[in-house]
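Here is a short briefing on one protein model. Look over the structure first, then read the points below.

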Amino acid sequence: MRIQNGYKRLSVPKGKTILTAKPFAYVLRSLYRNERCDHCLESGKLSKCSACQYVYYCNRNCQQSSWRTHSKECANLKRISPKVVPDVARLMARIIIKLNQGGSDEVGYYSDTGCRKFKDLMSHYTDIKKDEKKMEHFVCLCGVLFEFLGDTLMPNSAELIGIYGRICINSFNIFDLDMNSIGVGIYLGPSIMDHSCKPNAVATFEGTTIIVRTIEDLPCLDWSQIRISYIDTLKTTSDRRAELRSSYYFWCNCERCEKPEPTEEAAACPSGSCTYPCSLDSVVCENCNTKFPGNYQESFNEVSDFTAHHLQNMKNMAYLDVSKMCLKKQAGVLHALNIQHVQTLQTAFDSSVSLQHWEEAETYGKRLINGYLTYYGEIHPLTGILYIMIGKIQLYLEKPNQALETLKKASSIVTITHGDQHTLIRENLKPLLYQATMEGT
């Protein structure tokens, strides 16, 4: 406990829930519209909306709860069928509908006294007006919205840009238990949080409810110091900064960006027994004094360009054979913690899981752990979920004792990032731990 300005300020331990919130507006990604309930986003047995034949619900309660918003879009979804409304356009439409229903007065609290309304969210109006790509996207969305909503609900162009900007800057991806993005939403209170590539808090989800928890011990709950990551941080400093500049219009000067990791673009030492991360400009390894071959830089750049090309092509679908080809070329050239190598291990792991090649999946998953620990950190949802997936694979491969150790590591992480009452722990992790314990005895 600290005393400041005459008031007691309580320290906040890691693993503390500091905020939960329901969305101001949200949409299920159209990719999942046939697989998940449009209201609660859960999968399972679903029934179509009998009117629009576009959205699905898991029960009547979800349909009734969704009706205040869906009633304004239902006929329009039916009218433009079989067209699929882009996710951002549908979210914009839902915000327009909500604002017309008095949503501008809705308040989202992030503390006992601190709160935000939709108008308080930053829109970066001027930046977006100057951004050719964003404006091109905006114009396309306006065309979709006019076709979808008609003239009666549409606000003027300035208000539309304001809504679009607030979505671009403030929206959260809504994740399922495996950290797959299944929806996108606007959350008023949580929009107060700023970014860091080395965050001290993380956001997870129970359905559409956002849960923000600390992953570091904090001296006090000061919202001006709470940081989450806006982007995937398994990227080089230059790539992270470029993405943040392009998407959020700021130059990141967080601790991690100001002191880049020496491993992120490192070369492998020419000596097979040395694991020191070498700079590409080095003539000899600083650790073991092994000389680099004369053509090493050329070989490194060739492998790096080759990897970048294939990683870009595998953004939406990972291929095991392509991943293996990249890993083979990287051997002895890229350091084991080089970001491109770690990203390639990720595609190899994802594709081997998809193909149910469990032995390979376990191997790639175990090789991936050090990269996750380095770039996501020991306490991160994705690190915890990786351990869960490896533990599950080890159970399938009839390695219960190894699985138990792996799942215990997962538990130590996700208990902090998710909390012991989260569905991920109650319905996924605890049964796996029980199975590993029973099979290992």
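Leaving aside its neighbours within four places in sequence, which residues is Met 92 in contact with? The partners are Phe 138, Leu 141, Leu 145, Leu 160, Ile 163, Tyr 164 and Ile 167. Contact here means heavy atoms within 4.5 Å. The model is predicted: local features need pLDDT of at least 70, side-chain atom pairs count only at pLDDT 80 or more, and totals for chains, interfaces and linings use all residues. Residues are numbered from 1 along each chain as its sequence is written, and side-chain values use heavy atoms, with hydrogens and water left out.

**Nonpolar cores**

- Met 92 and Ile 95 have the most contacts inside the largest nonpolar core, which has 53 residues.
- Elements giving two or more residues to this core include helix H1 (60–80), helix H2 (87–100), helix H4 (132–149), helix H5 (157–170) and strand E10 (181–186).
- Another core, of 38 residues, lies apart from it, with Tyr 364, Tyr 372, Ile 388 and Ala 436 among its members.
- A nonpolar core is a set of buried Ala, Val, Leu, Ile, Met, Phe, Trp, Tyr and Cys residues joined through side-chain atoms within 4.5 Å.
- Buried means under 20% relative accessible area, exposed means over 50%, and partly exposed is in between (1.4 Å probe, protein chains only).
- In soluble globular proteins, nonpolar side chains tend to be buried together.

- Helices (H or I, at least four residues) and strands (E, at least two) are DSSP runs, numbered from the N terminus.
- Five of the six residues of E10 are buried.
- E10 runs antiparallel to E4, joined by four bridges, and Leu 28 has Gly 183 in E10 as its bridge partner.
- Strand E9 (residues 172–175) is also joined to E10 by four bridges, again antiparallel.
- Two strands pair if DSSP finds at least two bridges between them.
- E9 and E10 form a hairpin with five residues between them, and Met 179 in the turn has a positive phi of about 65 degrees.

**A three-stranded sheet**

- Three strands form an open, antiparallel sheet in the order E3-E13-E12.
- Strand E3 (17–21) and strand E12 (201–206) are the edges, each pairing on one side only.
- E12 and strand E13 (residues 209–214) pair over six bridges, and Thr 204 has Ile 211 in E13 as its bridge partner.

**Helix H12 and its surroundings**

- Helix H12 covers residues 381–396 and reaches 23 Å from its first C-alpha to its last.
- Why is H12 largely enclosed by the rest of the structure? Because 12 of its 16 residues are buried.
- Among the buried residues of H12 are Pro 381, Tyr 387 and Leu 395.
- Their cover includes E12, helix H10 (339–354), helix H11 (358–375), H13 and H14.
- Glu 398 follows H12 and has a positive phi, near 60 degrees.

**Glu 439**

- Glu 439 sits in helix H14 (residues 423–440).
- Buried or partly exposed? Glu 439 is partly exposed, with a relative accessible area of 42%.
- Glu 439 touches Leu 395 and Pro 400, not counting residues up to four places away in sequence.
- Asn 401 is 38 residues from Glu 439 in sequence, yet 8.1 Å away in space, C-alpha to C-alpha.

Definitions and conventions:
The expected span of a helix is 1.5 Å times one less than its number of residues.
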